[in-house]
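This report covers aromatic pairs, a helix face and a loop residue.

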Amino acid sequence: MERDAVDGDLLDCPWVPVCISGSQLLAKTWFGDTAYRILLTDLHSVWEEEMDTRAIQDRAQELNRRLRAPVHAFFSHMCEPQFSLNHHGGNINLKLKSELAGVPFYWEFRCTPAPVALVCSQLVRPLLLMSRLLQRQVGQLGALLARKDTELQDYRDNGAVLSRERLQTELFEEQSYRENFLTQTVPQVCARQGGLGFDSELQELYSAVTSYGNTNARKRKISERHAPEEDQSTTEDRDPNHAASGTQPPGEEVNHGLDQVNHGLDQVNHGLDQGDKRQTGRGDRARTTDSERPNEEQTTVPMAAAADRPSARPKKKKAKGLFG
């Protein structure tokens, strides 16, 4: 199972109050086709278990020796709510006894303490966001009441009179309301700590908060996947010395090319020398004539001959072909 995908699916599930063997718990469960994730808390500790298809098959064989059915055949029986709870040190086990095709079927959810990161993502952060949103809602409602009081006062100043005296209200004062809330309402709520879970409105708010968080998390993951590719392309554009995988740096390529050019020129010069030797061997008379010329003519004639010889150009083009 992919951890991120399962965490996101679990985050979308509500916290449900359950009573197992006389213990009041909050449960959050996600069941896939043949896999599950479960969270339990008594508000003192948090336990979890995550199982994939292979792990479920192995435990089913351990608890039901005669069972030969695949996981999808008995997976629905594991979702039945009739459990018994046992504590084993810091762990808790939820035991289930059911029937599968007339044969007893046993299952155990073996939950271990949940890591802090999981508790924060599934419970702490959503509750903090909910508190912040509720605080903002209270502030907006207080501002709305103040505007309503101003509106009613304007009606009174223009001669409006209430038809029913019981509808008469006092002006809303936010500071006095907050003080009364802290001294009267808070003690009453804290005295009833036995009630776990959220009512329907709080469940709706929790779902909205976690759904929005899931959407943002998916967008971040998508951007993180594309970020390395963008960073690499940006680095290649900005750094002229950056070499792609499997290629040589530009400096080394230039040096290697120059070496090939020099090698080609050496071959050309060698061919010219061989041509000079062949022409020199054609007759002693040509050598004698060249040796009797003045010094200044001897210095210019070889240069002109080298430029006019037709055999030099084709060999130089052949040297350039080494880059192909």
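## Aromatic pairs

F74 is buried, with 0% relative accessibility; buried stands for under 20% relative accessible area, exposed for over 50% and partly exposed for the range in between (1.4 Å probe, protein chains only). F105 is also buried, at 1%. The rings of F74 and F105 form a tilted pair, 5.3 Å centre to centre with 40° between the planes. Rings of Phe, Tyr and Trp (its six-membered ring) pair if their centres lie within 6.5 Å; planes under 30 degrees apart are stacked, over 60 edge-to-face, and the rest tilted. Since F74 belongs to helix α3 and F105 to strand β7, the pair ties together parts 31 residues apart in sequence. Helices (H or I, at least four residues) and strands (E, at least two) are DSSP runs numbered from the N terminus.

The structure has nine aromatic pairs. One of them, Y36 with F109, is edge-to-face at 5.1 Å centre to centre and 70° between the planes. Ring pairs join F31, Y36, F75, F83, W107 and F109 into a cluster.

## Basis of the values

The model is predicted: local features need pLDDT of at least 70, side-chain atom pairs count only at pLDDT 80 or more, and totals for chains, interfaces and linings use all residues. Residues are numbered from 1 along each chain as its sequence is written, and side-chain values use heavy atoms, without hydrogens and water.

## Loop residue H77

H77 sits in the loop between α3 and β5 (83-88) and is buried at 18% relative accessibility. Apart from neighbours within four places in sequence, H77 contacts L96, S98, E99, L100 and F105, a contact being heavy atoms within 4.5 Å.
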